[in-house]
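Reader: I am new to this structure and would like to be taken through it step by step. Could we start with how its helices pack and then turn to the ligand?

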Amino acid sequence: MSSFLPFTRPSIDEQTIAEVAEVLRSGWLASGPKVAQFEAALSQYCGGRPVRTQTSATASLEHALLACGIGAGDEVIVPAMSFVASANVVVRTGARPVFVDVDLDTRSIDIDAAEAAISPRTRAIMPVHLSGLPVDLDRIHALATRYRLRVIEDAAQAMGASYRGRRIGSSGDLVCFSFHPNKNITSIEGGAVVGGSSEEVRALELHRFHGQVRLAPDQCETYFAGGKANLTDVAACVGLGQLRQLEGFTARRRALAARYFELWADAPPLRLPARGDAGHNWHMFAVLLPLERMRISRAEFIAAMAARGIGIGVHYPAIHLFSAYRALGHHDGEFPNAERIGRETVTLPLFPAMSDSDPERVVTAVNAVLREAMR
Ligand SMILES: *Cc1c(COP(=O)(O)O)cnc(C)c1O
């Protein structure tokens with residue numbers, strides 16, 4: 001039997017490993033020249049816009065909100081289907097996340113529902129490019145302009161994706177990327193905020209380092225009790241090596257996703273995701289199981305796939321049904337699509353190092369497990 005196929009795995013090349021070794025020998029490990037180089041390379045990728053890195057996209061999103069002055073008394077519109085960080089960061093600033101449902105197949109925020117959710121307290125909207133399928137940014141920005149809202153893009157999964165021929169990150173308001181090992185490029189852990197006025201970029205720098213600036217070689221000032229979220233040079237070095245490979249990674253993901261669609265061209269036994277267009281980066285291939293017609297649970301499906309040597313992920317439970325959000329008054333039935341996705345979604349293997357025959361191996365296993373499981 002062939003080896004276990006995980007649902008994702010990072011690809012680190014030997015050149016990057018050699019460069020990391022050089023950084024480790026250099027005597028400078030924390031934020032230094034490599035961080036500056038990584039930020040410059042990301043900025044170049046994003047059409048010259050300002051870029052500041054953080055230790056995670058969670059920190060990036062939180063700092064982006066804080067840099068916009070969002071806090072207690074404010075509301076931020078967030079999709080109910082995303083990684084929980086999208087809402088947690090809003091709560092952490094003291095503001096209130098206002099959830100909105102998503103489309104079942106694109107899993108993008110419902111923009112009409114977002115408009116209906118706007119109140120006099122709404123300060124920002126946070127669209128999430130889930131699975132790397134860009135949301136309709138033109139409509140989001142038109143809405144933001146009409147209601148004078150900030151747009152904080154959760155682009156954690158969108159590195160390498162484009163919207164109408166424009167790279168995600170190259171336009172818009174504030175755009176936040178993740179470099180977690182599961183994302184399309186990694187810096188081990190890491191994130192970045194793209195965009196912002198010069199004052200906001202300054203605020204991002206303060207938030208990631210104690211609210212502190214150096215005024216002279218022997219003098220510094222602390223303006224507020226800031227946190228600590230600066231990237232290391234080791235991480236930035238990994239990120240630089242990954243950014244070099246981004247184009248190839250994305251092409252490979254697109255080819256593998258196309259293969260899944262080809263193998264399930266007629267009568268797929270489960271609900272396939274929206275195909276999107278050429279700008280989709282295929283961060284994930286997440287399908288919906290026909291649970292109501294199955295004799296086994298999703299957990300049993302995952303176990304049956306594991307027994308066949310295939311790893312399956314779950315991205316994500318609906319955010320509003322976590323106890324942290326039920327405690328704020330949320331309940332079942334509020335956002336039917338997000339809840340259904342939360343119950344039925346499974347993520348199939350998709351990562352650049354997969355072999356050409358792996359999608360067929362996955363599809364054969366899924367078909368067999370489902371054939372057995374149908375009522
Ligand atoms: C991964 C992810 C985050 C958080 O990124 P980290 O770098 O792990 O903090 C936020 N939002 C979405 C949609 C994500 O997928």
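Author: Before the helices are taken up, one definition is needed: axes are lines fitted to C-alpha atoms, for helices over the stretch in contact, and angles run from 0 to 180 degrees between N-to-C directions. The model discussed here is a predicted one.

Reader: How are α9 and α12 oriented to each other?

Author: Helix α9, residues 298-307, packs against helix α12, residues 358-373, with the axes 10 Å apart and at an angle of about 130°. Angles over 145 degrees would count as roughly antiparallel and those from 65 to 115 as roughly perpendicular. The two helices α9 and α12 are therefore described as oblique to each other.

Reader: How many nonpolar, polar and charged residues make the contact of α9 with α12?

Author: On the side of α9 the contact is made by Phe-301, Ala-304 and Met-305, while α12 brings Val-362, Ala-365, Val-366, Val-369 and Leu-370. Sorted by class, the contact of α9 with α12 has no charged residues, no polar residues and eight nonpolar ones.

Reader: What is the class make-up of the contact of α3 with α7?

Author: Helix α3 (residues 57-67) and helix α7 (residues 198-207) pack with their axes 9 Å apart, at an angle of about 130°, and their crossing is right-handed. The residues that make the contact are His-63, Ala-64, Leu-66 and Ala-67 from α3, together with Glu-200, Ala-203, Leu-204 and His-207 from α7. By class, this contact of α3 with α7 has one charged, two polar and five nonpolar residues.

Reader: How are α3 and α4 oriented to each other, and which residues of α4 make the contact?

Author: Helix α3 packs with helix α4, residues 85-93, at an angle of about 45°, and the axes of the pair are 9 Å apart. Angles under 35 degrees would count as roughly parallel, and α3 and α4 are therefore oblique to each other. In the contact, α3 supplies Thr-58, Leu-61, Glu-62, Leu-65 and Leu-66, and the residues from α4 are Ala-85, Val-89, Val-90, Arg-92 and Thr-93.

Reader: Turning to the ligand, which residues come nearest to it, and which residue has a polar side-chain atom 2.8 Å from one of its oxygen atoms?

Author: There are 16 residues around the ligand, and those that come nearest are Thr-58, Asp-154, Gln-157, Ser-178 and Lys-183. A backbone N or O atom of Ala-57 lies 2.8 Å from an oxygen atom of the ligand. The residue whose polar side-chain atom lies 2.8 Å from a ligand oxygen atom is Gln-157.

Reader: Is the peptide bond from His-315 to Tyr-316 cis or trans?

Author: Tyr-316 is found in the loop between α9 and α10, and an N or O atom in the side chain of Tyr-316 is 3.3 Å from an oxygen atom of the ligand. The peptide bond that leads from His-315 to Tyr-316 has omega near 10°, and its form is cis.

Reader: Where does Arg-107 lie, and what is its phi?

Author: Arg-107 lies in the loop between β3, residues 96-100, and α5, residues 111-116. Although Arg-107 is not a glycine, its phi is positive, at about 60°.

Key
Residues numbered from 1 in each chain as written. Predicted model: local features only at pLDDT ≥ 70, side-chain atom pairs only at ≥ 80, totals over all residues. Heavy atoms only, no water. Helix = DSSP H or I, 4+ residues; strand = E, 2+ residues; numbered from the N terminus. Contact = heavy atoms within 4.5 Å. Nonpolar A, V, L, I, M, F, W, Y, C, P; charged D, E, K, R; others polar. Near = heavy atom within 4 Å. Polar contact = N/O pair within 3.5 Å; in protein donor to acceptor, adjacent residues only side chain to side chain. Left-handed = near helix turned anticlockwise from the far one by under 90°.
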